[in-house]
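Hello,

Here is the structure I promised to pass on. Please open it first, then read my notes below.

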Amino acid sequence: MTLTVDLCGRLAEPLGPQLIIDDCSAIHCVADLREAIASAHPVLAAQIMSQRVRACIDNEIVRDTALVGPGAIVAFFPPLSGG
């Protein structure tokens, strides 16, 4: 199973707006996904591991304990600022 992860805002700067995770066998929850991304892409590690970066599954903001199922739409959003 593969998993497509959308990277939004400044998270997309180093690698582009999408990551394809080919081996998802060790990914069960958002925390596992963060660790897999950080391990495979060190340039993104500090940002993706930040608790200020929010995860969404199927357009719903979720905690790191949320399960990542087959076919899930996963996205990470950096903190937003503005007025």
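**What was found**

The chain has two helices and five strands. Both kinds of element are DSSP runs, numbered from the N terminus: helices are H or I with at least four residues, strands are E with at least two. Along the sequence the pattern reads β-β-α-α-β-β-β.

A word on the source. This is a predicted model, where local features need pLDDT of at least 70, side-chain atom pairs count only at pLDDT 80 or more, and totals for chains, interfaces and linings use all residues. Residues are numbered from 1 along each chain as its sequence is written, and side-chain values use heavy atoms, leaving out hydrogens and water.

Now the overall form. The radius of gyration, taken over C-alpha atoms, is compared with a globule rule of 2.2 Å times the number of residues to the power 0.38. For 83 residues a compact globule would come near 12 Å, and the chain agrees because its value is 12 Å. Of those 83 residues, 40% count as buried, that is, under 20% relative accessible area with a 1.4 Å probe, protein chains only.

How many salt bridges does a search of the whole structure find? One. The term means a side-chain nitrogen of Lys or Arg within 4 Å of a carboxyl oxygen of Asp or Glu. R34 pairs with D64, and their closest N and O atoms are 2.9 Å apart. The pair links distant parts of the chain, 30 residues apart. R34 is in helix α1 (residues 30-40), while D64 is in the loop between β4 (60-62) and β5 (74-77). Both R34 and D64 are buried.

Best wishes

Conventions: Buried < 20%, exposed > 50% of the residue type's maximum accessible area, 1.4 Å probe, protein only.
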